[in-house]
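Open the model in your viewer and keep the selection panel at hand. The stops below say what to select next and what is there.

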Amino acid sequence: MSKAIVLNEKFENNGEVVLPASYEEINKHNLYLYVKSYLAALRSNTARAKTRAEVSGGGKKPKAQKGSGGARWGSKRSPLFVGGGQAFGPTKRNYNQKVNKKQKALALKYAINAQANNSTLFVVDSIKIESGKTKEAVAVLSKLNKRDTLIVCDMIDEKTYLAFRNIKNCYMVEKQEVNAYLIAAYHSVLIEKSVLDALTKEA
């Protein structure tokens, strides 16, 4: 079974917490589908090209129907002419991909379990920097000794936000913002115990 590392108030190793055994049986394809849907929803969807029906010009036949020995052109708006419309160009489309509610829950469980399997899921009672100093926030992250960290809090107070906001290798979110993509994207996760309990209960 997967185990998350429990930290004390000084962010030092203080034991382990076991995740439900059912997490080990989840297919990773659920996470793949969720991440695919999440990234697709981020697409700006602004690519657009005009067809021959939308470009300006045309009207007059470019040249006589007969006598030139070449093709019989009907309009300068043809995709074969410079300045003509584009054939099969990009148009506005819907990139959203549906993911079932149960699959979202399974994806979240799998992502949490994967972090636990890698020994990169850290659980602490509270993540607060009362002084608001970045130096103290850096000291917390240095104890984890990971490349980057997702920090998940129940509620982010102003002082804690000020302490972490300028650090490049971390990202802080509240409970309602966290999702399977964010948990999977970072090399480690530092999460408050109350949030982990709520996520594992809801997922």
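**Starting at a tyrosine**

Select Tyr171 first: this residue is partly exposed, with a relative accessible area of 38% (buried means under 20%, exposed over 50%, partly exposed in between, with a 1.4 Å probe and protein chains only). This is a predicted model, in which local features need pLDDT of at least 70 and side-chain atom pairs count only at pLDDT 80 or more, while totals for chains, interfaces and linings use all residues. Residues are numbered from 1 along each chain as its sequence is written, and side-chain values use heavy atoms, leaving out hydrogens and water.

**Rings**

A search of the whole structure finds four aromatic pairs (rings of Phe, Tyr and Trp, the latter by its six-membered ring, with centres within 6.5 Å; planes under 30 degrees apart count as stacked, over 60 as edge-to-face and the rest as tilted). Tyr171 is in strand S5 (residues 170–174) and Tyr186 in the loop between H5 and S6, so the pair ties together parts that are 15 residues apart in sequence. Helices (H or I, at least four residues) and strands (E, at least two) are DSSP runs, numbered from the N terminus. Next, select Tyr34, Tyr38 and Tyr181, which form one aromatic cluster.

**The sheet**

Colour the strands. Six of them make an open sheet in the order S2-S1-S3-S6-S4-S5, with mixed pairing (two strands pair if DSSP finds at least two bridges between them). Strand S2 (13–18) and S5 are the edge strands, each pairing on one side only. Strand S1 (residues 3–7) and S2 run antiparallel and are joined by four bridges. To see a bridge, select Ala4, whose partner in S2 is Val17.

**The core**

Which residues have the most contacts inside the largest nonpolar core? They are Ile112, Leu121, Leu150, Val152, Ile183 and Ile191, in a core of 24 residues (a set of buried Ala, Val, Leu, Ile, Met, Phe, Trp, Tyr and Cys residues joined through side-chain atoms within 4.5 Å). H2 gives the most to this core, with five residues. In soluble globular proteins, nonpolar side chains tend to be buried together.
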